[in-house]
Amino acid sequence: MKPRWRKIFHDLIDNKARTLLVVFSIAVGVFSIGVIAGSYQYISNDMSASYAMNRPANVELRTINFDDSVLSSIRNRRNVADAEARRVFNMRVRTPGSDRWTTLDMVAFESFEDNSINLLAPVAGKAIPAKREVLLEKSALRDLVVDVGGSLEFELPDGSTKIMPVVGFVQDTAAGAGDFLASPSGYITLDTLPYLAQPKLYNRMFVTVAGDGDDPSYIREVGAAVKDSMEKSDVIVLRSRIAETHRHPLADIVNAVLGILLALGILIVFLSSSLISNTLSALLNQHLRHIGVIKLIGGQRRQVFLMYFALIMAFGVLALLIAVPFGGIGAYQLSLFIADKLDFTLLGYRLLPLPFFIQIAVGLLVPLVSGLAPVVAGSRVTVLRALSGDIADDGKPASRADGKRLSWFDWIQVKATRVLAVRGLHVPRPFVISLRNTFRRKSRLALTLFTLTMGGAIFIAVFNVRVTLHDYIGRIENYFRADVTLDFDQAYRIQEIERVLKKVDGVTQVEGWQFMGGELMDTNGNVVENIALLAPPSNSELVQPILVDGRWLRSDDVRKMTVSEGLRKSFPGLRAGDFVNMRVNGRDEIWQIVGIFKFVDQEGMIGYAPFEYVSKINRQANRAFSYRIVTERHDRPYQDAKAEELDKYMRDRGFKVRIAQAGSASLDTAVESLDILVTFLLIMAILTAIVGAMGLTGTMGMNVLERTREIGITRAIGADDSAVMRTVIAEGVVIGLISFGLAVILSIPFTYLLSMIVSVAIFQTPISVVFTYLGYAIWLALVLTLSTVASIVPARNAARMTIREVLAYE
Amino acid sequence: MGKVQCSKKFPWGDFGLFCKLGNFSVYVGMMTVQTLNQRLIELRDVKKIYSTAAGDFVALKGVNLQISAGEFLGVVGKSGAGKSTLLNMITGVDRLTRGEVIVNNGEAVSIHDMAEDEISGWRGRNLGVIFQSFQLLPMLTLVENITLSMDLCGNFSPRRSRQRALELLRLVEIEEHADKLPALISGGQQQRVAIARALANDPPILVADEPTGSLDSVTADHIFELFQRLVMEQGKTIVMVTHDQSLATRFSRTLSIIDGEVGEFPSQTDAKSEDEAVAPPKWRFPWRRWK
Amino acid sequence: MSPRRKSRAVSAQHAMTSAEAMIDMHGVVKRFKNVAGEFTVLKDINLTIKRGEFVSIVGKSGSGKSTLLNMITGIDHPTEGKVVIDGADIYTGVTESQRSKWRGRNLGIVFQFFQLLPMLTLLENAMLPMDYADVYGFDERPARAMEMLELVGLEEFANKLPLLVSTGQQQLAAIARALACDPPLLVADEPTGNLDTKSASTIIDLFEELARRGKTVVMVTHDPALASRATRNIIIADGELINETIAKSLPWLRHRHMMEFTKLAETRIYPPKATIISREDPIENFFMIQKGEVEVVLYDRKKDETVISRLQPGEFFGEMELLRGGKALANVRAGAGEAVETLTIKREDFKRVMDISPITADAVGKIVQQRLEARRAIDSRTGGFLARLRKKRNV
């Protein structure tokens, strides 16, 4: 090895602590980028891929009963790649001995072996049930306490019960998709149907299209053709739904996550480059004397430049060696976390080329770019300056140094202290040292503040966004103001139900609601969207919508409805007053949209129409399937208890209760995904905070390293260990506090930006932002802790140095 | 110029003999009368002014100085007299305020007309610099410290340069430590290595800034003797600045520098003692020694 | 009559009682270790400095004087031995941190490079030690610091940053800082090393004034003119203290040779009136007076005695004979007042050193000349001695 490379080699390995600091500061950035780019890749790729692997149906039709002949005719159709039929019905189920009934959507498969659409992924136990055995979708475990091998008690419509063993758990990624109020599913064979008093007929048709499964209009075309064909066989289609092969139902949420990831990724590149450039310029400052010697013994600028260029590259490569594997693992873990929360599976751990190359580029380019200025400056430095030791601009008293003038900033600092002193306000001098030290290396301070402030601003913003979302969720509660929801298998007269229910303690108000489904069509008559219309009485106080346009329901509304804002996805530019084509009970009608409200539309569209009109077209005047009940108290445990009590109470009186649950239970499912987002944001905030803290530690370390001489002086004139440490820590804390102030200011636009990204992705319009002191308080505590901790190590080192060492440092 | 030298007495015999012959004969060594008379560096009315916040400071007040081949020039002065500034002018390390420093870079040129890299190149070929604080790179072994110099100038192949480095270490009598790190040898030994490094590219001129300043008296003597040998046996030209007046008689030519002005040597007031009269070097405390 | 002998000259110096001692160093050894081996920088230093003394420490670079100073200031710690400052043993059972605290209260340090903190104004620099040592009330400190700045004449620069004042002023400010906590001891490490002559003189004036006010001042310096203004001079060479008598008697010697003499010298003690050298005796030693007064006496034919000179501590005798060879030219005896302590160097050692130290030989020669002249003057009155000397020569 040539001696010059040996020098660089030794620079690398001799001062391990310093090398580690530099490598680590690069690695933190590369790692973060790796995690972010990797998760981006994993999620965007695997989510749709794993979803597509389960062969989601492009067209799903809910029909009246049909048999194999209809199925095979559909299978043979042009444009249909595959078709599968199932029977879906719901049953109340409980673990034997329990009082709690849960409703399951029972799905009977034509054949589990030939299952080729909406595939079930085995989770535990058997993947194929035998006769009189049942598989459970794993989400059912939220409501049911049962293991593989355990049994469940099923209630037949006539009130008798059957017991079947649970032989396995599966994951059905298509389950619940498109149905906001869907129940968890249980899977059985066709042969089991008679046992449960059900005919061996199908009522659902699932179709995958031949050709482009990601083209909605094509799918719609095929769907319409299939529907026509079925209706020609006298199978009435009640509802239809179309879906793209690669579009996960939660894609919107994920897009929000990915959008944030991208923004953070870019930010972290900036943060880590400021960290890296800080560390590198300090490193080169320490090397100035070497540069001077090298130049003095004949080294040319180009040679010096190349040597330090190589050094920086070596730092980059070392950082990559650490950060790339860990970044890969981190990305996989993060994706795994999100995949688990959003119910999809990853395709497995693997090397992702794009993140890999991005990491290499960041690991080499960022140090290069941020180190370029110091390296060029270092290679240009005159031999004199390099050797004179007048390296740090805060170095020696200017006995001979070239033209030193007092900067205005120093002047102001001195002036300010003096003005205070004149007023009798004396700042203790050790603290004056901390304060003025803070501002000595202004570019370094700026970079440190930038990193720490960004971390802080994001951290605070995340808390604000979290509260904003929770606030929003709270307002979504306005759609679920009833304490107990009671659904029956058949419609009962409202007065009767009301009379019965009012006898129960604590029930204060009963309201009967109706439902109807509709299919919204485009101008060509193709079904674009399914909509569930809830029909509360127009004067109901149990729905307090967040209207974004138009008005709420009126009792005399005819073919008028309010719809959720999510519909604007399918009908861009939709406004109150617009008319839409809707197929209701097989009839095409024109409805007017009188109002648009905000809602979480992740699992299908909802709308509201007045009970008065809907009950008329349902021909069930004064009757209702569904009841909303208000009780005395509104807390969740009371609601749960009341729901259970009412269930039993009504059942005992011969009413066919389908489901009884707390009013806000459906809210839980509605907002669950928002919590995932918040958790995810928090992880990101912590990541940026760590990068910021790293930056601060590095800065304090460099500061102490450069000020060893001064620390020696203070020791020589009587500063003990604790005084030295206090001075250093105070400086760190001052930096921390300044960054806090800046972060407070910066967090405001950040909060708006983040909630914008999130809300636009999930809803269509920004939601109103709410601020919370919590984020500020936690960040203040955190930044104080971080800056103290970040200064403690350098401060301890400073205190440990003997004066002799300190003075010998020069 | 040779005359000036011969008018001085030489405490070491051999060179003295040479000098007596100097003007009309040839020394047994490699030097000829001609090279002896050759002017290597010339300072013409060199001024250096530092401006500080507390006012301008004149470090050199119009120095005229010629350095000729083969001489061992000593510049003696107290700290703060401008010794180091003078050296910085000669080595082209610092810019002068006024005047000219003429060096021989193929042709006679003013050093401050050259670009920084050109100066570096010239310095690499023509000058070896020796410091009070040695300035060896701590992470390289002794032999590497020397080969680095050759590596940067590219005059010798890697294999040849190691061989040459070992020869130089032998010359300064420290060959047995060749593969040690600088921290493992004493100050005097480090200074020997620094001298060997200064010789690496076989420059005609060595410039030494208080080379014995941080050494004890015995070691300092050895280093000084080494310099004398280099002048005699290798034909090097050496410019050395020092505060140590006791060395004044041992140079082939001695100048004194007081408050930025260079003059003939015996201008100091009577010394009370050989040791005490001596001003300490600027960086005298061992605790200030740069690692 | 034979004098009591002590083996080593140095030990005689260490006989101070601790009550009046500001600094008492006992058997201090400092060794530095590194991979290359062990270096002994201080070799068994014994030194006592009294209260109110203004002491200069002189030594070449590498002699160990900075290390010696570090031992006094507690900046470094000795490998062996004890250092008692103002009655406090500063190394036994004291941590570095506690020592810092102690130093703040009891010691003012002045550095060669001033070492003012660049981010603080002169006034703030002067207040800082009080903050660290927590002496004087918090509100008194500005006034006290201002008082110190006035003492050094810097009151109008009080609110300037060090950067903006001259180096001399910086050093004055550093002294003000060192005095802030009113320490009994001021230690200065080459305080004038970076200053012009005028500023240096101001600083030494200040030190003299402080010593007059009862402060003990210990200063390392290289400038003989400044060193001579101290009340006491200590020379250190290669980690050992040079006997102060030798340094005073033969200041022209190289430190190396002083050291040699320090090691070779024997202490002899003579009671008052005791004869040290008898005339016509062969002289084998060179004498330097450490304590007491010595009379040089000539007897004329009538046995009347003439005291041709009285020599004080720091003067020497016996040189003439040694340089010229031969027998004593006069009687030398201890003074009447107190016992005389001398340091003696053997003839051959003395001659050897004189041969290699021409400056000393020169200077001693000059003194010989002076003394001979003085004697000639006396001789002309007494008529005896020189006439016989000449006669001898002619023979």
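Visitor: In this predicted model, at what angle do helix α3 and helix α4 of chain C pack?
Guide: Helix α3 covers residues 122-133 of chain C, and helix α4 covers residues 141-151. Their axes lie 9 Å apart. The packing angle is about 120°.

Visitor: Is the crossing of α3(C) and α4(C) left-handed or right-handed?
Guide: The two helices meet through side lists that include C:Leu123 and C:Met127 in α3(C), and C:Ala145 and C:Leu149 in α4(C). As α3(C) passes α4(C), the crossing is right-handed.

Visitor: What share of the residues in chain C is buried?
Guide: Chain C holds 13 helices and 19 strands. Among its contacts between residues at least 6 apart in sequence, 73% join residues at least 24 apart. Of its 395 residues, the buried share is 58%.

Visitor: Are the rings of A:Phe459 and A:Trp779 stacked, edge-to-face or tilted?
Guide: The structure holds 26 aromatic pairs over all chains. In this one, the ring centres are 5.3 Å apart and the planes stand at 40°. Stacked needs under 30 degrees and edge-to-face over 60, so the pair is tilted.

Visitor: How many residues apart in sequence are the parts that A:Phe459 and A:Trp779 tie together?
Guide: A:Phe459 lies in helix α11 of chain A, residues 442-476. A:Trp779 lies in helix α18 of chain A, residues 773-800. The separation in sequence is 320 residues.

Visitor: Which residue has its charged end over the ring of A:Tyr649?
Guide: Two arginines of this kind can be named. A:Arg628 lies over the face of A:Trp513, at 4.1 Å from the ring centre. Over A:Tyr649, at 3.7 Å from the ring centre, sits the charged end of A:Arg653.

Visitor: Where is A:Arg619, and is this residue buried or exposed?
Guide: A:Arg619 is not a glycine, yet its phi is positive, about 55°. Most residues other than glycine have a negative phi. A:Arg619 is in the loop between α13 (611-617) and β19 (623-631) of chain A. With 73% relative accessibility, A:Arg619 is exposed.

Visitor: What relative accessibility does B:Glu210 have?
Guide: B:Glu210 also has a positive phi, about 45°, and is not a glycine. Its place is the loop between β7 (205-209) and α9 (217-234) of chain B. B:Glu210 counts as buried, with a relative accessibility of 4%.

Visitor: How far apart in space are A:Phe112 and A:Leu190, C-alpha to C-alpha?
Guide: A:Phe112 sits in the loop between β3 (102-109) and β4 (120-125) of chain A. A:Phe112 is buried, at 9% relative accessible area. Its contacts beyond four places in sequence include A:Tyr187, A:Ile188 and A:Thr189. A:Leu190 is 78 residues away in sequence, and the C-alpha distance is 9.8 Å.

How values were computed: Residues numbered from 1 in each chain as written. Chains lettered and ligands numbered in written order. Predicted model: local features only at pLDDT ≥ 70, side-chain atom pairs only at ≥ 80, totals over all residues. Heavy atoms only, no water. Phe/Tyr/Trp six-rings, centres within 6.5 Å; stacked < 30°, edge-to-face > 60°. Helix = DSSP H or I, 4+ residues; strand = E, 2+ residues; numbered from the N terminus. Lys NZ or Arg CZ within 6 Å of the ring centre and 35° of its normal. Axes fitted to C-alpha atoms, helices over the stretch in contact; angles between N-to-C directions. Left-handed = near helix turned anticlockwise from the far one by under 90°. Contact = heavy atoms within 4.5 Å. Buried < 20%, exposed > 50% of the residue type's maximum accessible area, 1.4 Å probe, protein only.
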